[in-house]
Amino acid sequence: MPELPEVETTVRGLARYLDGEVLTRVVTHRADLRRPFPPELAQVLTGARVTGLSRRAKYGLIHVDRGQTMVFHLGMSGRWRIEPDEIGKHDHLVLETGAGHRLALCDPRRFGSVDLVETARLDDWAPFAGLGPEPLSPALTPAHLAGALKGRIAAIKLMLLDQRIVAGLGNIYVCEALYRARIHPERQGGKVSRAALERLVPAIKTVLAEAIEAGGSTLRDYARPDGELGYFSKQFDVYGRESEPCRSCGGAVKRIVQGGRSSWFCPDCQK
DNA sequence: AGTAAATCCTGTTCGC
DNA sequence: TGCGAACAGGATTTAC
């Protein structure tokens with residue numbers, strides 16, 4: 001499940017193969033993922049030089065020297081494969097570089113997306129226009145969250161998944177951050193105390209930073225030996241640990257469903 | 001306006 | 001052993 005740290009790790013890994021390189025071949029093996037591929041994708045990218053890569057929320061950005069940026073989203077099963085031995089049925093987009101590298105965007109469930117956006121207008125691009133602050137930037141503060149949550153009755157867990165409030169958090173790291181901040185996932189957004197928000201903001205930043213660090217260290221150069229980018233092992237405190245002991249109090253971690261997806265938390269530590 | 005639910009996908013896991 | 005149900009879940013749309 002690629003969330004912000006996995007996308008960041010993927011982008012850093014891709015940069016080693018793409019930054020400064022010319023794209024010599026761009027091939028799509030189907031017409032769409034979640035959305036249609038841009039019809040002009042291959043034409044615009046072929047022969048272009050990559051001028052840099054970056055990330056916004058859970059989107060990866062590949063900037064080229066024609067004033068265009070290829071924006072990809074990994075959905076929930078997307079990954080880039082470096083030098084794949086063979087192109088499989090889920091390798092929907094394949095890039096080749098002047099240095100002779102081949103990269104494949106593989107996405108079995110096809111929840112991902114690929115778009116082409118004018119670089120100068122990225123901030124105005126509809127999917128980006130309404131995004132909240134980057135969680136690792138100074139713009140994410142307790143005051144920002146207090147303003148966004150004020151008067152809201154929706155559960156804090158669901159509000160943190162809202163990309164308009166904070167951009168880039170997904171189910172895993174919301175569960176982990178709420179655990180660290182000792183906030184119950186079902187607490188109404190507007191009823192989270194200022195003191196709790198003061199714990200939550202650093203909890204979000206550290207849990208993400210640690211995950212990025214884990215990706216960089218466990219993957220070594222951000223790629224697994226088999227060439228897959230973006231997935232790494234990380235020890236979680238609560239995510240996926242139903243009935244297992246809380247690392248703080250020893251009580252059983254509980255799983256509930258909110259908004260149709262699982263939340264894990266410690267009912268004793270999180271209030 | 002805010003909230004909740006449905007939708008899209010397929011590979012994996014689980015229960016009977 | 002085999003089959004179907006449940007599950008994973010981000011972003012978007014629809015409904016209330």
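**Conventions.** I number residues from 1 along each chain as its sequence is written, with chains lettered from A and ligands numbered from 1 in the order in which they are written. Since the model is predicted, local features need pLDDT of at least 70 and side-chain atom pairs count only at pLDDT 80 or more, while totals for chains, interfaces and linings use all residues; side-chain values use heavy atoms, with hydrogens and water left out.

**Entry 1, DNA strand C.** I found 16 residues around DNA strand C, the closest being His73, Met76, Phe111, Tyr239 and Arg261. Sugar and phosphate make up 56% of the atoms of DNA strand C that come within 4 Å of the protein. By class, the surface near DNA strand C holds six nonpolar, five polar and five charged residues, where Ala, Val, Leu, Ile, Met, Phe, Trp, Tyr, Cys and Pro count as nonpolar, Asp, Glu, Lys and Arg as charged, and the others, Gly among them, as polar.

I then looked up polar contacts, that is, pairs of N or O atoms within 3.5 Å; within protein, one atom must be able to donate a hydrogen and the other to accept it, and residues adjacent in sequence count only if both atoms are side-chain atoms. The side chain of arginine 34 places an N or O atom 2.9 Å from a base nitrogen of DNA strand C.

Around DNA strand B I listed Arg34, Lys89, His90, Pro108, Arg109, Arg110, Phe111, Arg152, Ile153 and Ala154, which divide into four nonpolar, one polar and five charged residues. Of the atoms of DNA strand B within 4 Å of the protein, 61% are sugar or phosphate and the rest belong to bases. I noted a side-chain N or O atom of histidine 90 at 2.9 Å from a phosphate oxygen of DNA strand B, and one of arginine 152 at 2.2 Å from a phosphate oxygen of DNA strand B. In alanine 154 the atom is a backbone N or O, 3.2 Å from a phosphate oxygen of DNA strand B.

Helices (H or I, at least four residues) and strands (E, at least two) are DSSP runs, numbered from the N terminus. Asparagine 171 lies in helix H6 and counts as buried at 16% relative accessibility, buried being under 20% relative accessible area, exposed over 50% and partly exposed in between (1.4 Å probe, protein chains only). Ten of the eleven residues of H6 (residues 171–181) are buried, so this helix is largely enclosed by the rest of the structure. Arginine 182 follows H6 and has a positive phi, near 60 degrees. I also checked asparagine 171 against arginine 109, 62 residues apart along the chain, and found their C-alpha atoms separated by 18 Å.

I count two strands as paired if DSSP finds at least two bridges between them. Four strands form an open antiparallel sheet in the order S1-S6-S7-S5. Strand S1 (23–28) and strand S5 (79–82) stand at the edges with a single partner strand each, so one side of each is left without a neighbour in the sheet. Within this sheet, S6 (residues 91–97) and S7 (residues 102–106) pair over five bridges, and leucine 93 has leucine 105 in S7 as its bridge partner.

Elsewhere, six bridges join the antiparallel strands S4 (residues 68–73) and S8, with glutamine 68 bridged to glutamate 118 in S8. Five of the six residues of S8 (residues 113–118) are buried. Strands S2 (residues 50–56) and S3 (residues 59–64) also run antiparallel, joined by six bridges; their hairpin has two residues between the strands, and alanine 57 takes a positive phi near 55 degrees there.

I found zero disulfides, a disulfide being a pair of cysteine sulfur atoms within 2.5 Å. The sulfur of cysteine 269 is 3.6 Å from its closest cysteine sulfur, in cysteine 266, too far for a bond. Cysteine 266 is buried at 0% relative accessibility, and cysteine 269 is buried with a relative accessible area of 16%.

Definitions and conventions: Near = heavy atom within 4 Å.
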